[in-house]
Every structure is written in C-alpha cells, then in structure tokens.
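Subject: structure for you to look at

Hi,

Here is the structure I said I'd pass on.

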Amino acid sequence: MSVAIHSPLTGLQQDTDQSNLDRLSINTIRTLSMDGVQAANSGHPGTPMAMAPVAYCLWQQFLRFDPQDPVWPNRDRFVLSIGHASMLLYSLLHLTQVRAVSKDYETVGEVSVPLDAIKTFRQLDSRCPGHPEYRWTSGVETTTGPLGQGVATSVGMAVARQWLAARYNQPGFQNLFDFNVYALCGDGCMMEGISAEAASLAGHLRLSNLCWIYDNNHITIEGKTHLAFTEDVATRFIGYGWNVTRVSDANDLEMLAWAFRTFQNCKDRPTLIIVDSHIGYGAPHKQDTSGAHGEPLGEEEIRLAKRNYGWPEDAKFYVPDGVYDHFRQGIGKRGKELRDAWFAQINEYRKQYPELAEELFRMQHRQLPEGWDRGLPIFPADSKGLATRESSAKVLNAAAKNIPWLIGGAADLAPSTKTRLTFEGAGDFSAENFAGRNFHFGIREHSMGAILNGMSLVKVRPFGSGFFIFVDYMRGSLRLSALMELPVIYVFTHDSIGVGEDGPTHQPIEQLSHMRSTPGVVLIRPADANEVTEAWKVILQMHHAPVVLVLCRQAVPTIDRTKYAPAAGLARGAYILADAPGGDPEVILIGTGSEVSLCLDAYAQLTKEGVRARVVSMPSWELFDDQDKSYRESVLPPGVKARVSVEQASDFGWTKYTGSEGQHLGIDTFGASAPLKQLLKKFGFTAEHVVAAAKNQITRHRSSK
Ligand SMILES: Cc1ncc(C[n+]2csc(CCOP(=O)(O)OP(=O)(O)O)c2C)c(N)n1
Ligand SMILES: [Mg+2]
C-alpha cells in the first residue's frame with residue numbers, strides 16, 4: 001500500500017515562515033519519536049507521528065506552561081493518557097527544553113530530557129522509560145500507561161483546581177488559580193470503564209476547565225476498532241453533559257486551534273475534542289494499520305516516511321536549526337511571562353491574605369499547618385467500646401478542622417464509612433459549591449482512586465473511602481498512588497467477616513495480603529479507638545506514601561491503657577501490648593485490628609493458668625519492617641518460637657512473623673453469611689481457640705528443643 005501525502009504539513013506545502021516552522025517542529029516531534037523507538041527496538045511510534053500536530057498546536061499556542069519552571073502551581077496540566085505514546089511527550093519535553101526538578105521540587109539547571117535520554121529511550125535509568133513516570137521525568141504530570149487512568153486522573157486535577165480557586169481566589173486575585181487540564185486519550189482509554197466513571201462525574205460537576213482530546217484513529221492492537229468498539233462516542237459524551245467538538249484532520253492546525261478556543265470559551269461544561277487521525281502518519285506501508293501501533297517502523301519504512309515529510313532521509317535524532325528557538329519564542333516566552341506574573345501576584349497576595357498564602361505554601365510543600373494535631377481525641381477505656389470506623393470519624397473530623405486542605409469523601413458510602421466532615425462550614429463539593437470539602441464520588445470506586453491521585457498531584461490532601469472489599473475495584477489506581485509516591489489516604493471499613501450477614505461478597509479475605517504485597521503502600525489496621533488516633537497522626541505526617549486505613553464495622557473494646565501499653569506504639573508498626581510478668585514469654589500472640597482484643601482475652605485466660613504469654617498488636621507490617629533490628633527483635637525475640645497470628649483474613653505471608661513453625665488463625669474461604677457470633681464460632685475466632693493454639697505451640701516448640 002502506498003499513501004498519498006497531501007497534507008499542508010508535509011514538504012509539499014507552500015511555505016511561509018510560520019508554516020515552515022510549524023512543519024519543521026511537527027516533523028521533528030515525529031522523527032524524534034520514530035528514531036527513539038527504532039533505537040530502542042521497541043515502543044510505539046504510530047501515535048506520536050499522528051498526534052504530533054495536535055500536541056504541537058496545544059503546547060505552542062495554548063498551554064500555559066513554563067518549561068523553565070515545570071512545577072509552577074498555576075500551570076496548565078497536560079496528561080498523556082495514552083502512555084504508550086510516551087515518545088510524543090518526551091519529544092515535547094526535549095524540544096521545549098523543560099528543566100529538571102529535584103526531589104524537593106526545586107528547579108535545577110539541567111534539561112529534563114536531553115537528546116541523549118531520547119537516544120536511550122526504554123533503557124535502564126534513562127529519563128525516557130517505556131511509559132511516562134511522575135517523579136522520574138520532570139514535566140511528566142502523572143504516570144500513565146494503564147489505559148484510562150490518565151483521563152480519570154485529569155478529572156482529579158480539574159476538581160482540585162476548582163477547589164483551590166473557590167478557597168484561594170480572592171477579590172483582586174480572581175485568577176490565582178485558573179489553570180486548565182488537558183488530557184490526550186485514545187480508543188483504549190475510551191473503552192476502559194474508568195473513563196466512563198470519570199467522564200460521568202466530570203460532566204455532573206460541570207468541570208469547564210477540563211479538556212479531553214480523543215485520538216479517533218480507529219486502530220488498537222488487534223486491528224480496526226470495529227472488532228470491538230462501535231459506540232457513538234460523541235453521543236455518549238453529550239449524554240454525560242460535555243461539550244463535544246470534532247476536528248476531522250489531525251493535521252489541520254487551524255481547526256485544532258479553533259477547537260481549543262472553543263474549549264476555552266465554554267464556561268459550563270468539560271470539553272471533548274474528537275480528532276480523526278491516521279496512526280503512523282506518513283509511513284507508506286504502515287499508516288492506518290495496527291502495525292504502526294507498537295513496534296519500530298524499521299529502517300526502510302522510516303526512510304520513506306522521512307522522505308514523505310521532506311526530511312533528510314538518513315538523519316537521525318535531527319533537530320533542524322530554528323526549532324528550539326521557535327518553541328522558546330512560543331510556549332517558552334508565553335509560559336515564562338505567565339509564570340512570572342503569577343509569582344508577582346502571589347507576593348502581593350501574601351501581603352493582603354497572609355494566612356491563606358501561608359496555607360498555600362504549606363500545602364504545596366506537603367507540610368501541615370501549625371497545630372494540626374490540636375484536639376485529636378483520646379478515648380477512655382471501655383469494654384464495650386466502639387467500631388474503629390466510629391472512632392476514625394471523630395479523629396478525622398478533629399484533624400480536618402485544623403487542616404483546611406484535607407478534603408475527600410466516599411463512593412456513596414459515607415454513612416457507612418463515617419468519613420463525612422460534619423463540622424460547620426465543611427459543606428459539600430458540587431457544581432454549585434466548589435468550596436465544599438465533602439466529595440460525593442458516586443458509586444465509582446475505580447475512578448475515585450484516580451481522581452484522588454489527580455487531586456494529590458495538585459497537592460491538596462485527599463481521602464477517599466469505601467468498603468474494604470471494593471478495594472479490588474480500584475486496585476489499578478491505588479497501585480499508581482504507590483508508584484507515584486502520592487500521600488493519598490484510603491479509608492476502608494467493613495474489614496472482615498465482622499460484616500456478618502452481608503456474607504462472602506462483602507467479606508474481605510485476600511485484600512489485606514494484596515495491599516501488603518503492593519510496594520510502597522502503608523497499611524494500618526488499628527485495634528481500638530486510641531490506635532485510630534495514633535494511626536491518623538502517622539498518616540497525616542506521611543509525605544510520599546499512600547496509606548490504606550482498614551477499619552471495622554463492629555464495636556471493639558477500647559483497651560485500658562493503664563493496664564496495657566500506650567497506643568503510641570502504633571507508630572512503630574507493632575508493639576508489646578501485654579506481656580508475661582517480667583517479660584520472657586513462652587508464647588507470643590500477634591493480632592491486628594479487631595482480633596487484638598481477642599488476643600487479650602486469651603492472654604487473660606493463659607495468664608490465669610500460669611502460661612507466660614505476650615500479646616503483640618501489629619497494626620502495620622510496613623511500619624514495623626521499617627524499624628531497626630533491635631526493636632523488631634525486642635518485640636518478636638528470635639528465641640521465642642511459639643507464636644500464633646490471629647487475623648480474620650487469608651494467612652498469606654504471616655510466616656514472616658511467626659516463622660514456618662508458627663500457627664495462623666485465619667480464613668481460607670470466602671467467609672459466610674450469618675450473624676457475627678455464629679461466624680466467629682464457625683471460623684474459630686474465640687478466646688478458647690486462641691488459647692488452645694497457644695498451648696499447642698508451646699508444646700510443639702518444647703518438644704522440638
Ligand atoms: C488497562 C490497559 N489494558 C491494556 C493495555 C495494553 N495496551 C497498550 S496500548 C493498547 C491499545 C490502545 O489502543 P489506542 O488507545 O487506540 O491507542 P493507539 O493504538 O491508537 O495508539 C493496549 C491494549 C494497557 N496499556 N492498559
Ligand atoms: Mg487507536
């Protein structure tokens with residue numbers, strides 16, 4: 001097949017200075033992308049080739065982004081939701097000479113993506129990994145690759161901007177926060193359910209600062225989209241309440257500019273721009289085929305494509321004279337002026353609104369306000385006690401009063417998860433009130449996770465809640481929270497068979513082990529109300545890790561801390577709650593969450609019988625693993641081999657703490673539907689059973705000595 005090239009962006013057009021520079025710049029993006037993929041012998045050239053004019057038009061003419069300071073808070077965000085087209089973004093970051101930023105978010109002199117990084121695309125330690133990674137390559141606003149995540153994350157960014165604007169834009173400073181969020185997506189993003197959840201919410205919230213650009217190329221990996229995707233995307237988005245517009249040729253810069261202006265002029269809805277494009281544009285044998293999607297074009301095809309572009313056929317990684325300067329005069333100049341004006345404005349703002357300015361400074365640096373832990377509750381001992389979701393409600397509300405940018409909500413479960421901020425003025429976030437602090441994500445767990453990521457990327461402190469079982473629905477987003485090292489707070493309740501009658505569909509079993517095996521996630525399952533307070537103290541001071549707070553539905557005793565160790569031990573992940581008189585236990589009972597009080601009951605019985613037992617409360621494996629060896633061994637002395645873990649979940653992984661000869665009281669089925677008392681008996685979560693297991697362990701290890 002050969003392809004007729006008739007676009008004004010190829011070498012055949014009539015040149016004016018401007019159109020010549022447009023053409024050179026676009027073709028530089030294309031050829032850098034092709035060459036990068038070819039050198040790596042792996043990657044996705046076709047979409048960068050097709051979408052180069054779209055990205056170019058947006059960046060060069062519209063994006064309010066300063067390459068010299070890619071973390072300026074009011075910059076427009078650009079999200080490459082089609083993460084496989086990463087070379088498109090790397091080419092832009094290179095050509096606009098975006099500067100690198102340190103881990104502390106200070107701009108350093110060097111270029112984020114030098115040409116050498118493009119030449120080492122996809123190689124170990126290159127700043128150009130296979131898919132864009134936040135915190136690794138400056139200028140990448142969010143990690144993308146799992147399709148649909150980027151667009152859903154962009155909704156969180158747009159939401160956070162609306163919230164910031166509602167709180168911090170003040171008379172005389174109406175534009176302090178007015179950034180737009182652009183996301184480039186493809187057929188894959190459109191097919192993934194997460195984009196439907198996110199688009200539905202964005203339409204509902206009328207996020208007019210949000211623009212998705214859909215690369216409608218009719219191609220995915222397996223071939224033409226009509227194999228699996230024939231829905232009418234435009235109608236679908238109109239149904240969501242979006243402003244939908246179309247550009248029928250991805251090479252038509254005028255129409256693209258018109259579409260971006262249409263977005264900017266639309267003040268009451270998000271905008272979807274559907275762009276018809278040709279994957280692998282200009283490659284004579286691969287254009288419009290899935291062959292252009294995910295493999296190098298091959299040397300010969302590259303040569304022919306370059307010929308079509310009017311490019312020197314043998315030049316590699318070639319940036320023609322004038323291209324860098326052209327970007328400097330466009331996005332570079334505009335971005336710098338806007339950025340400098342913003343900083344001048346914020347200096348003035350600091351004089352007139354010092355408190356708000358101080359909040360912004362702390363938020364942007366992920367610091368807490370002075371007095372953030374003021375009034376956090378201490379709970380009196382109480383054998384009847386309360387559910388940890390109830391105590392968490394009290395702690396969260398006390399903390400949120402002190403931390404204005406601690407905002408969040410639930411996936412339609414706030415009455416159950418108890419995460420509602422109930423104090424005066426907290427309000428509900430809605431299209432009518434962007435200042436509200438209670439978010440209604442709707443029954444959309446997966447996109448809630450991505451939206452929380454987007455909010456966190458803008459630096460507010462978001463929390464989201466749901467039933468623990470439904471963490472499965474948002475695992476894709478939660479994994480990205482961890483990968484991006486975002487301090488998103490996940491509050492999950494109904495954490496075990498403790499949910500009783502709801503039965504196996506609602507009883508988490510393997511979820512704890514899933515979360516514990518996800519790198520970077522800190523999971524905390526507190527035992528009682530005071531551990532909940534301590535847990536929130538730890539969580540709020542986190543900078544770079546998502547936390548999964550796992551809470552129970554049913555009441556648990558509030559442990560008598562005059563009799564047992566203080567709850568502050570939670571910060572070390574595990575601590576000795578009760579010990580054999582004088583130490584030196586024969587057996588260690590290790591419990592988490594609601595099972596800790598069961599361990600204490602067993603401990604009382606064992607002590608009465610003269611058995612020397614220790615109870616370790618272990619709310620967080622990750623925090624415990626972070627402690628030094630001497631602390632860990634003081635809690636779990638290597639000499640004491642008789643150990644029992646007690647947790648109403650899969651016992652996967654517990655040998656790490658009990659040793660291979662230890663015993664685990666866990667659950668290896670999906671649970672059952674019944675009143676809790678019956679379930680506890682059926683699954684063996686009774687003090688008698690724990691006592692029997694402890695004695696078994698002692699006998700076993702005595703005889704093996
Ligand atoms: C959630 C998810 N599933 C599958 C993939 C693997 N994958 C990468 S690209 C792709 C096809 C995407 O098609 P489209 O979005 O139309 O991109 P184009 O081929 O047009 O560049 C698939 C299935 C992925 N990255 N993420
Ligand atoms: Mg496609």
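Predicted model: local features only at pLDDT ≥ 70, side-chain atom pairs only at ≥ 80, totals over all residues.

Residues are numbered from 1 along each chain as its sequence is written, chains are lettered from A and ligands numbered from 1 in the order in which they are written, and side-chain values use heavy atoms, with hydrogens and water left out.

**Magnesium**

The magnesium ion (ligand 2) has Asp187 (OD), Asn217 (OD1) and Ile219 (O) as its protein donors, lying 2.1 Å from it. Donors here are N, O and S atoms within 2.8 Å of the metal (3.2 Å for Na, K and Ca); water is not among the atoms, so sites may look incomplete. Along the sequence the spacing of the donor residues is D-x29-N-x1-I. Aspartate 187 sits in helix 6 and asparagine 217 in the loop between strand 5 (210-216) and strand 6, a pair 30 residues apart that links distant parts of the chain. (Helices, H or I with at least four residues, and strands, E with at least two, are DSSP runs numbered from the N terminus.)

**Pockets**

A pocket is an open set of points on a 1 Å grid over the protein atoms alone, where a 1.4 Å probe fits, with protein on both sides within 12 Å along at least five of seven lines; lining residues have an atom within 4 Å of a point. Volumes are the space filled by probe spheres set on the points, which are joined across faces, edges and corners.

The largest pocket comes to about 1100 Å³. It has 46 lining residues, and Val71, Val101, Asp104, Tyr105 and Glu106 lie nearest its centre. Helix 11 gives the most to that lining, with 6 residues. By type, the lining of the largest pocket has 21 nonpolar, 11 polar and 14 charged residues, taking Ala, Val, Leu, Ile, Met, Phe, Trp, Tyr, Cys and Pro as nonpolar, Asp, Glu, Lys and Arg as charged, and the others, Gly among them, as polar.

The second largest pocket has a volume of about 350 Å³. Its lining has 22 residues, with Leu147, Gly188, Ile219, Thr220 and Ile221 closest to the centre. Helix 6 (187-191) and strand 6 (219-220) each give two or more residues to this lining, and helix 6 gives the most, with 4. The lining of the second largest pocket splits into 9 nonpolar, 9 polar and 4 charged residues.

One open sheet has 6 strands in the order 12-11-13-14-16-15, with parallel pairing; two strands pair if DSSP finds at least two bridges between them. Its edge strands are strand 12 (438-440) and strand 15 (522-524). Strand 14 (residues 489-493) and strand 16 (residues 547-550) are joined by 4 bridges, and isoleucine 489 has valine 547 as its bridge partner.

The other open sheet has 5 strands in the order 18-20-19-21-22, and its pairing is mixed. Strand 18 (575-578) and strand 22 (663-665) are at the edges with a single partner strand each, so one side of each has no neighbour in the sheet. Strand 19 (residues 587-591) and strand 20 (residues 613-617) run parallel, joined by 5 bridges, and glycine 591 stands opposite serine 617.

Cheers
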